[in-house]
Amino acid sequence: MACGFRRSIACQLSRVLDLPPENLIKSISAVPISRKEEVADFQLSVDSLLENNNDHSRPDIQIQAMRLAEKLKCDTVVSEISTGQGTVNFKINRELLTKTVLQQVIEDGSKYGLKSELFSGLPQKKIVVEFSSPNVAKKFHVGHLRSTIIGNFIANLKEALGHQVTRINYLGDWGMQFGLLGTGFQLFGYEEKLQSNPLQHLFEVYVQVNKEAADNKNVAKSAHEFFQRLELGDAQALALWRKFRDLSIDEYIRIYKRLGVHFDEYSGESFYREKSQEVLKLLDSKGLLQKTIKGTAVVDLSGNGDPSSVCTVMRSDGTSLYATRDIAAAIDRMEKYNFDEMIYVTDKGQKKHFQQVFQMLHIMGYDWAERCLHVPFGVVQGMKTRRGDVTFLEDVLNEIRLRMLQNMASIKTTKELENPQETAERVGLAALIIQDFRGLLLSDYQFSWDRVFQSRGDTGVFLQYTHARLHRFDEVLYRSSQDLQPRHIVSYLLTLSHLAAVAHKTLHIRNSPPEVAGARLHLFRAVRSVLANGMKLLGITPVCRM
């Protein structure tokens, strides 16, 4: 495997540089595969060897690279040594490379790339990933799609690397919106509609009561009072709230199944309504809680009255806020899971919120606050169905399936399928995920149905097509594990798919001598195995026929 070649190069370098091979392995990187020219397989950046050298008069990097290359020799592993811009390049013996990589892919199966030296000595951690987190009593909004697929990717990757991962769905199941919804249902709700189409009806009620509350102070007052009743544990109010929550969760589970996503724990803000009061008492006991003229309670994170660093933690009536409940949840999870890392996956609009939550945990004396990480992402723009603007994720999933079925029906090479609906949905979801993961997660992007369903170019449909028709993977996994960006894996898989497509046209199996046909079949099986491994990490279920 690649790490074996990397170690062989590191051993030769260690003898010349008088450094342990372990210190050199991560400085030796795989050269990206090029379809246009034959390049070296590995390269050493001479600059990385000198980065700890503070002597600014150090020799020219290019001269250093050439001097180092002159001291190295080709052997049974390395067939050619050359220099580039500040690099020493190594080409691996082609026969050995091919045989070793293919053998390793087949032997390691789903673990290929994960047994690399790049991950040796990696401490096994307890990791909590909080993602998706839709609001109860509203349909699963398309804005939650990115959180769901990105969080699923991060959890898959961490799990594949051997960490103990807990996937948490922290539902928005508490807050003033339930005051509005409770009041709204009493005014506009119908029990029969709630039972026949719960989320649709609750959404309609929520929209209607918001309009009423904007024009009618009495409706706004009733909503406020209903939420107070919830906070005080009123049995009737809680029974209605619980009905809304249970109906919503049943619907979410059904949608997650379509996405191929699962959770270890369904938590929610409601779990922490009492513990958030303990947070307020702790903040008060440490002298951090300040009362405002309006009667609200705030924490000044700047220490000097900077208004932009003030975080409100309690309403004037004593009820808790989102930030207070998030702090209570973090403390509870540390007690429950004793995590080494907790990752929150939400849109970039919540960046300041999490900065404040982590800062408050720190000033409350919780040193483990530095183990908390927010992975922000950009906004999806222009996502519409044929019926107009998208309101719910389910509309998107149905649209994907419908468009993909029509797409497959128009392609002459489409095979007879046992379950065309399931295949269409899997291929369509791959298309959606690849379009989302191709760039930096923080970037906003313009959604395009046409681009989603292209079968050529760098698309999810092309990825699935290559897998259905049909090295150096460890470094790509390592890069994604470092910055939690899926684009490295996506780029690798697409390049591999393009190369496999070229090979499929030129390396014919039928009518070839048995030993040649066997070798070529071995190659395509290896490609399919690596594609499948990468796709599963991204949250894509590979299809075998399309």
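Let's start with a pair of helices. Helix α6 covers residues 143-160, and helix α21 covers residues 514-538. The two pack at an angle of about 125°, and their axes are 7 Å apart. Keep in mind that this is a predicted model.

How do α6 and α21 lie to each other? Angles from 65 to 115 degrees count as roughly perpendicular, and those over 145 as roughly antiparallel. At about 125°, the pair is therefore oblique.

Now the residues at that contact. From α6 we have F153, N156, L157 and A160. They meet K536, L537 and L538 in α21. By type, the contact divides into five nonpolar residues, one polar and one charged.

Next stop, a single side chain. D326 sits in helix α13, which runs over residues 322-337. Is D326 buried or exposed? D326 is buried. Yet D326 has no salt bridge. Which side chain of opposite charge is nearest to D326? That is R333, and R333 is 6.1 Å away. For a salt bridge, the cut-off is within 4 Å, from a side-chain nitrogen of Lys or Arg to a carboxyl oxygen.

So what does D326 touch? Leaving aside residues up to four places away in sequence, D326 touches Y170, H353, F354 and V357.

Last, the whole protein. There are 21 helices and 16 strands. The protein has 546 residues, and 51% of them count as buried. Along its principal axes, the C-alpha trace spans about 85 × 65 × 35 Å.

That's my tour. Over to you.

Technical notes: Residues numbered from 1 in each chain as written. Predicted model: local features only at pLDDT ≥ 70, side-chain atom pairs only at ≥ 80, totals over all residues. Heavy atoms only, no water. Axes fitted to C-alpha atoms, helices over the stretch in contact; angles between N-to-C directions. Helix = DSSP H or I, 4+ residues; strand = E, 2+ residues; numbered from the N terminus. Parallel < 35°, antiparallel > 145°, perpendicular 65-115°, else oblique. Contact = heavy atoms within 4.5 Å. Nonpolar A, V, L, I, M, F, W, Y, C, P; charged D, E, K, R; others polar. Buried < 20%, exposed > 50% of the residue type's maximum accessible area, 1.4 Å probe, protein only. Lys, Arg positive; Asp, Glu negative; His and termini not counted.
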